[in-house]
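Subject: Structure handover

Hello,

Please find the structure below. My notes on it follow.

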Amino acid sequence: MPGFSPQRDNGPPDPRGILTSIGVAVYDWDIRGDRLSWAPNAAEVIGLKDLAALGSGRAYANVLEPGSGTTRSDAILGSQARDEGSGVPYSTRYAIRPTPDRLILVEDTGRWYAGADGQPAIAHGMLRISPGDAAGQTHEGPGQRERTAFLRQIASEVAEAGRSKRPLTLFAIAIENLQSLNDELGFDGADRVVGEVLSRMRVVMRRRDGFTRYSGNRFALALRACPPEQAGIAAERLSQAVASIPIETGSGPVTVRLLIGAATAPDHALDPAGLLRRAEQSLAVAKRRNGAGFVHYDPEIFRATERPVGSQGAVDVIGLLNARRIVFARQPVVEAASRKVAFSEALLRVSGEGGRIVSAADVVPAMERSGLVPLVDMRILELATEQLALHPEERLSINVSPLTLESPDWLATLAAHLGRRSDIASRLIVEVTETLAIRDPEMARRKLDAMKALGVSIAIDDFGAGHTSFRHLRNFPVDIVKLDGAFIQNLARSTNDRFFVQTLIDLAHHLGLSTVAEWVEDEETAQLLTRWGVDFLQGDCCGTPRLLEEPLHKAAKVA
């Protein structure tokens with residue numbers, strides 16, 4: 001960037017420190033296994049001592065502020081888009097309450113990848129704290145005042161429910177398919193429908209019950225002295241009052257259906273915010289259950305329901321290898337200036353029954369749990385070197401996991417494949433993750449030095465996520481840094497991302513390293529990156545992943 005010097009008196013800036021200073025933390029979410037992994041600076045950014053308690057999507061849901069916006073889970077699991085092989089971007093804003101006295105607004109962006117069933121399996125994203133919130137200021141978003149006033153209103157009743165065992169049941173209510181009504185009737189027409197829904201609900205409400213509308217399609221109803229066994233009856237009365245007679249509109253009559261999630265104090269929570277959160281979680285389950293208009297919070301049912309359909313069990317890695325079902329697709333990486341293909345990245349795929357292709361998102365987490373990832377990485381190495389031998393004009397990069405690099409067999413296997421053809425090594429790029437650097441920096445340096453001695457190039461993948469310090473990057477024998485796509489996809493609307501990406505580019509060039517920008521989706525972003533000096537571009541704007549057109553060598557069985 002103009003006027004920016006990558007080296008100062010106290011040394012070059014650390015990407016992790018820059019991320020923290022602009023309130024950004026990167027995460028990976030294994031949706032199928034519900035494991036949430038955070039970059040090391042995330043605790044500092046969010047304002048917690050550590051993030052051990054936020055190690056799953058379910059645990060993270062406990063700090064979400066009900067009604068503050070579309071959650072990450074809803075943005076991903078509720079997406080109607082299809083993953084064509086390069087993932088699907090998502091972006092949303094909501095509030096979190098990491099501590100009882102601190103409410104902060106966040107922007108959550110990233111990309112999810114589908115499994116074999118087409119449903120989200122893995123997400124890689126970035127949490128950004130609003131500047132004012134990072135300083136500890138309280139967020140008052142749309143409906144926040146109404147929600148806060150409502151929670152204050154019922155606070156004494158919730159507390160009394162815990163002392164006297166007089167239960168209070170809280171409903172979180174939404175209108176099903178309100179977005180469709182907006183599209184069909186326009187916002188004015190949909191607002192009139194919402195007004196009629198409110199009028200019908202009030203007819204059957206008791207005077208002593210508390211009620212508020214705290215967002216465009218979120219309503220809260222507090223039913224005093226309502227035990228769990230009576231909640232279903234109350235929900236049915238509300239639903240019938242709304243749905244029994246179609247609502248007249250300028251486009252004709254429409255039938256409106258309510259979705260209701262419920263939670264009861266003291267059984268499910270002992271504070272108003274926690275009770276509303278449980279009701280919101282139940283509402284989210286009702287949305288995903290076709291035909292279930294009412295869901296009352298139940299920890300066991302909730303845990304089972306929140307696990308996405310098609311969750312993985314064990315993967316027969318040996319069987320996949322023996323059946324020669326491990327294959328790869330190539331995604332081109334192009335020169336930024338000329339847009340000519342410089343090399344391609346080999347992306348893991350599994351050939352399923354009937355020619356169906358399974359993406360890495362659906363199998364890699366289970367492969368990692370099995371401990372057999374090194375076998376998969378070595379098969380991809382075998383297929384890649386075979387492709388390079390057959391096509392002297394090609395250059396390929398392959399991804400190698402830290403577990404594989406730690407394997408005593410990796411270097412010998414790499415040397416054996418490269419030894420068969422003297423020209424292959426110079427056309428092979430080995431991509432390693434930043435995680436490798438923090439697992440064992442000394443081991444990483446030895447392994448990377450050995451690979452460089454064999455003639456391959458080394459790339460650091462997903463750079464900028466905050467895992468690796470600048471010192472590690474400087475000390476490792478790296479040729480290429482691939483800038484984390486979570487920062488690239490927001491360049492057009494985020495000045496912080498522009499600053500951070502330009503800083504990384506300057507740092508890399510200061511060290512004589514080439515740069516690849518991932519997740520480049522549009523021409524505007526491509527041109528920005530090109531002007532800033534990025535060497536290579538990768539993303540749908542430059543080419544989507546494609547399977548090999550030619551059959552590959554049939555490998556021998558593993559076992």
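Arg111 lies over the face of Trp519, at 4.8 Å from the ring centre. Arg72 lies over the face of Tyr27, at 3.7 Å from the ring centre. A charge counts as over a ring if NZ of Lys or CZ of Arg is within 6 Å of the ring centre and within 35 degrees of the ring normal.

This is a predicted model: local features need pLDDT of at least 70, side-chain atom pairs count only at pLDDT 80 or more, and totals for chains, interfaces and linings use all residues. Residues are numbered from 1 along each chain as its sequence is written, and side-chain values use heavy atoms, with hydrogens and water left out.

Aromatic pairs come to 7, where rings of Phe, Tyr and Trp (its six-membered ring) pair if their centres lie within 6.5 Å, and planes under 30 degrees apart count as stacked, over 60 as edge-to-face and the rest as tilted. The rings of Tyr60 and Tyr94 have centres 6.5 Å apart and planes at 75 degrees, so this pair is edge-to-face. Tyr60 is in helix H3 (residues 57-61) and Tyr94 in strand E3 (residues 88-99), so the pair ties together parts 34 residues apart in sequence. Helices (H or I, at least four residues) and strands (E, at least two) are DSSP runs, numbered from the N terminus. Both Tyr60 and Tyr94 are buried; buried means under 20% relative accessible area, exposed over 50%, and partly exposed in between (1.4 Å probe, protein chains only). Tyr27, Trp38, Tyr60 and Tyr94 form one aromatic cluster.

In helix H15 (residues 410-419), the buried residues are Trp410, Thr413, Leu414, His417 and Leu418. Seen down the axis of H15, they fall within an arc of 125 degrees, so they line one face of the helix; the arc is that of the directions from the helix axis to the C-beta atoms. The face turned away from the buried side of H15 carries the exposed residues Ala412 and Gly419. Among the elements that the buried residues of H15 pack against are helix H13 (373-390) and strand E14 (396-399).

Ser397 is in strand E14 and is buried, at a relative accessible area of 0%. Beyond its neighbours within four places in sequence, Ser397 is in contact (heavy atoms within 4.5 Å) with residues including Phe343, Ile429 and Glu431.

The disulfide count is 0, a disulfide being a pair of cysteine sulfur atoms within 2.5 Å. The sulfur of Cys541 is 4.7 Å from the closest cysteine sulfur, in Cys542, too far for a bond.

Regards
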